[in-house]
Amino acid sequence: MNQYVCKAGITTNYTCGQVQETSTSYKDDVTGVTVKDVVKIYATGNTTDYSRPGDSGATTWAGEVLLGVHSGGGDTSTLSWGYAAKTSKVAEHFGSDFTIYKSSNPL
């Protein structure tokens, strides 16, 4: 809770926020699918658009620690938020024998 995190979305670029919920669910308005056990992040500072269409799949991190993958969001006239699927779920579902590729060169 309250951890400061950032993401790099293709639409909104680099945006940051503060974790407000560590396990929540939301229903995707387009697909109707309910996504469970995700982190909810509220924008901080002057950010009015923490999340916009096209940002899904962006990495969410704190410092040098990868925390999640951006999976949705929303906003009102005074508040903007996003959701991140937890990377810890990868190990739960697939075991701990996996590698995250890290490079400064695009594939």
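Begin by selecting Cys-6 and Cys-16, whose sulfur atoms lie 2.0 Å apart and form a disulfide. Bear in mind throughout that this is a predicted model. A disulfide is a covalent bond between the sulfur atoms of two cysteines. The structure holds one such link, and it connects distant parts of the chain, with Cys-6 in strand S1 (residues 4-9) and Cys-16 in strand S2, 10 residues apart. If you look along the S-S bond, the angle about it is 100°, and the link of Cys-6 and Cys-16 is right-handed. Are these two cysteines buried or exposed? Both Cys-6 and Cys-16 are buried.

Next, turn to the aromatic rings. A pair of aromatic rings is described by the distance of the centres and the angle of the planes. How many aromatic pairs does a search of the whole structure find? The search finds two. For one of them, select Tyr-14 and Trp-61, whose ring centres are 5.8 Å apart and whose planes meet at 45°, so the pair is tilted. Tyr-14 lies in strand S2 (residues 13-27) and Trp-61 in strand S4 (residues 59-62), so the pair ties together parts that are 47 residues apart in sequence. Tyr-14 counts as exposed, because its relative accessibility is 54% and the cut-off for exposed is over 50%.

Now select Tyr-26 and Tyr-83, an aromatic pair that is stacked, with 4.1 Å from centre to centre and 10° between the planes. Since Tyr-26 lies in strand S2 and Tyr-83 in strand S6 (residues 80-86), this pair ties together parts that are 57 residues apart in sequence. Tyr-26 counts as buried at 12% relative accessibility, and Tyr-83 is also buried, with a relative accessible area of 9%.

Select Lys-7 with Tyr-50, and you will find the charged end of Lys-7 over the ring of Tyr-50, 5.0 Å from its centre. Then select Lys-40 with Trp-81, where Lys-40 lies over the face of Trp-81 at 5.0 Å from the ring centre.

Finally, select Asp-28, Ser-51, Gly-72, Gly-73 and Gly-74, which lie nearest the centre of the second largest pocket, among the 19 residues that line it. About 370 Å³ of space lies in this pocket. Strands S2, S5 (65-75) and S6 each give two or more residues to its lining, and the largest share, six residues, comes from S5. By kind, the lining residues of this pocket divide into five nonpolar, eight polar and six charged.

Definitions and conventions:
Residues are numbered from 1 along each chain as its sequence is written. This is a predicted model: local features need pLDDT of at least 70, side-chain atom pairs count only at pLDDT 80 or more; totals for chains, interfaces and linings use all residues. Side-chain values use heavy atoms; hydrogens and water are left out. Rings of Phe, Tyr and Trp (its six-membered ring) pair if their centres lie within 6.5 Å; planes under 30 degrees apart count as stacked, over 60 as edge-to-face and the rest as tilted. Helices (H or I, at least four residues) and strands (E, at least two) are DSSP runs, numbered from the N terminus. Buried means under 20% relative accessible area, exposed over 50%, partly exposed in between (1.4 Å probe, protein chains only). A charge sits over a ring if NZ of Lys or CZ of Arg is within 6 Å of the ring centre and within 35 degrees of the ring normal. On a 1 Å grid over the protein atoms alone, a cavity is a set of points where a 1.4 Å probe fits but cannot get out, and a pocket is an open set with protein on both sides within 12 Å along at least five of seven lines; lining residues have an atom within 4 Å of a point. Grid points are joined across faces, edges and corners, and a volume is the space filled by probe spheres set on the points. Ala, Val, Leu, Ile, Met, Phe, Trp, Tyr, Cys and Pro count as nonpolar, Asp, Glu, Lys and Arg as charged, and the others, Gly among them, as polar. A disulfide is a pair of cysteine sulfur atoms within 2.5 Å.
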